[in-house]
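Take a moment with the sequence and the 3D view below. We will walk through a few helices, then follow some side chains.

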Amino acid sequence: MRIVPLIFLGYLFAYLDRINLGLAKLKMLDALGFNELVYGLGGGLFFVAYIVFEVPSNIILQKVGARWWLARIMITWGILSGLTAFVTDVWQFYLLRFLLGVAEAGFVPGVLLYLTQWYPSRRRARIIGFFLIGLPAASLLGGPLSGWIMSWFDGANSWMGWQWLFLLEAAPAILLGLLLPLALSSSIRTAGWLSAAEKEQLETVLEADRDELPAQGHDIGAAFRSGRVWRLGLVAFSFLTATYTISFWLPTILQEAGASGPNVIGWLTAIPSACGIVALLMNGFLSDRARERRWHIIVPFALAIAGLAAAIATDGSVLFVTLAITLANIGIVASYPVFWCLPGVFLQGAAAAAGMALISSIGNLGGFVATYALAWTKDLTGTAASGFIAAIVLLAISIVIIHRLPAGEVNR
């Protein structure tokens, strides 16, 4: 109760401030005279910056403490996201999206590293699941909320609905960033809400857990030398390509299928997210209970492939597109908490900080692919099917990678 609600809200606001661009796009592009390629490059620049600065950010977090660095991340990204409301030309748009990536870099791997310092391996899938539920929750709440803001506030104070969207959805991140230093503890030793006996008990449990792990290294170089880190990075790249393809392009796909108005589209985008939340919590719980990781990733990936394939094969109706994307989203989101248990199994200390950030950095290349590359191919072909096909191929490769992991090591 002292840790999980705060980090959940942090991820919810972080992801909300990333994906609201997808709904704002429906009105923003015409208002500013942007085309699909400008939108795609602007969305992609966020991930370029995020990737470049993610490893340094996580190393700084380990040195200065999670509560201060996570607070800095949240406050700066909130300010920059809000400033997007005042963009008037292409270069301002590009600059703000890039700076937003710089500001937010390291948030997810920083929280994941922080959780390894508080929870033993056997509990992490459930705890990470509670944190990562912020992603589908942002889509679940953000779709209807963003649609309502764009419709209800359009014209207020002579500002357009998409401008109000960026302004209003930036405020919670800034407020939570101001709260974090007061609410979080940087370590077990400094946690004033634990008794001396509780601190000793928790440290003993975590030390015993670390002693049992087949760690491959403790220094930063160990993370970059580990082939397993790079392979897990490819898996993260796969499911994040699929995630962002759905997040950034689902409003457009639904509009092309016949859904009309930001409000209706916002509610439709909530359906895959709601189902994803249930799948994420169930899969994390079942994985911890069974002490099994590989098949709790492989089976969801197979469901995601089936859903994406069905989305390509549908007749373009709103109903079938929504159902197919819902199946795909269930598979993708269910894999999150189990996958992010894997790096902490074989990395410790500085290697864990760098390794988790490196895996996340490689994964976030998928965000660039899903925004800029897909915008480019959509501009050429007139359809978003190429992005779905790429995600299917990548997820199939990832199934092979996960299956080849030694069960004795990862099933903890």
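Which hand does the crossing of H11 and H14 have, left-handed or right-handed? The crossing of H11 and H14 is left-handed. Keep in mind that this is a predicted model.

Start with how these two helices meet. The axes of H11 and helix H14 (residues 318-339) come within 10 Å. They cross at roughly 155°. Angles over 145 degrees count as roughly antiparallel, so H11 and H14 are roughly antiparallel to each other. Now look at who makes the contact. From H11 come residues including Leu232, Val235, Phe239, Ile246 and Leu254. From H14 come residues including Val321, Ile325, Ile332, Tyr336 and Phe339.

Stay on H11 for one more residue. Thr245 is found in this helix, which spans residues 227-257. Is Thr245 buried or exposed? Its relative accessibility is 1%, so Thr245 counts as buried.

Helix H2 (residues 36-64) packs with helix H3 (residues 66-83). Their axes are 7 Å apart, and the angle is about 135°. On the H2 side, the contact is made by Ser57, Ile60, Leu61 and Val64. On the H3 side, Ala66, Trp68, Trp69, Leu70, Arg72 and Ile73 take part.

H3 also holds Ser81. With a relative accessibility of 1%, Ser81 counts as buried. Which residues does Ser81 touch, not counting residues up to four places away in sequence? They are Asp17, Leu100, Phe166 and Ala170. For a sense of scale, find Ser81 and Ile399. They are 318 residues apart in sequence. In space, they are 36 Å apart, C-alpha to C-alpha.

Now turn to helix H5, residues 107-116. Why can H5 be called largely enclosed by the rest of the structure? Because 10 of its 10 residues are buried. Among them are Phe107, Pro109, Gly110, Tyr114 and Thr116.

Helix H6 is mostly covered as well, with 7 of its 9 residues buried. Those residues are Arg124, Ala125, Ile127, Ile128, Gly129, Phe131 and Leu132.

Look closely at Arg124, which sits in H6. At 6% relative accessibility, Arg124 counts as buried. The side chain of Arg124 reaches the backbone oxygen of Tyr119 at 2.8 Å. Arg124 also has contacts beyond its neighbours within four places in sequence. Those contacts include Thr116, Asp209, Asp288 and Gly344.

Side chains of opposite charge can pair when their charged atoms come close. How many salt bridges does a search of the whole structure find? It finds 4.

One of them joins the side chains of Asp288 and Arg126, at 3.0 Å from N to O. This pair links distant parts of the chain. Asp288 is in helix H12 (residues 262-290), while Arg126 is in helix H6 (residues 124-132). The two are 162 residues apart. Their surroundings can be read from the accessibility values. Asp288 has a relative accessible area of 4%, so Asp288 is buried. Arg126 is at 34%, so Arg126 counts as partly exposed.

Asp288 has another partner. Asp288 forms a salt bridge with Arg293, and the closest N and O atoms are 2.9 Å apart. Arg293 counts as buried, at 1% relative accessibility. Which residues do the shared partners join into one network? Salt bridges that share partners join Arg126, Asp288 and Arg293.

Finish with the pair Arg189 and Glu203. Arg189 forms a salt bridge with Glu203, the closest N and O atoms being 2.9 Å apart. Arg189 lies in the loop between helix H8 (161-183) and helix H9 (196-212), and Glu203 lies in H9. They are 14 residues apart. Arg189 is partly exposed, with a relative accessible area of 48%. Glu203 counts as partly exposed too, at 28% relative accessibility.

Notes:
Residues numbered from 1 in each chain as written. Predicted model: local features only at pLDDT ≥ 70, side-chain atom pairs only at ≥ 80, totals over all residues. Heavy atoms only, no water. Buried < 20%, exposed > 50% of the residue type's maximum accessible area, 1.4 Å probe, protein only. Helix = DSSP H or I, 4+ residues; strand = E, 2+ residues; numbered from the N terminus. Axes fitted to C-alpha atoms, helices over the stretch in contact; angles between N-to-C directions. Parallel < 35°, antiparallel > 145°, perpendicular 65-115°, else oblique. Left-handed = near helix turned anticlockwise from the far one by under 90°. Contact = heavy atoms within 4.5 Å. Polar contact = N/O pair within 3.5 Å; in protein donor to acceptor, adjacent residues only side chain to side chain.
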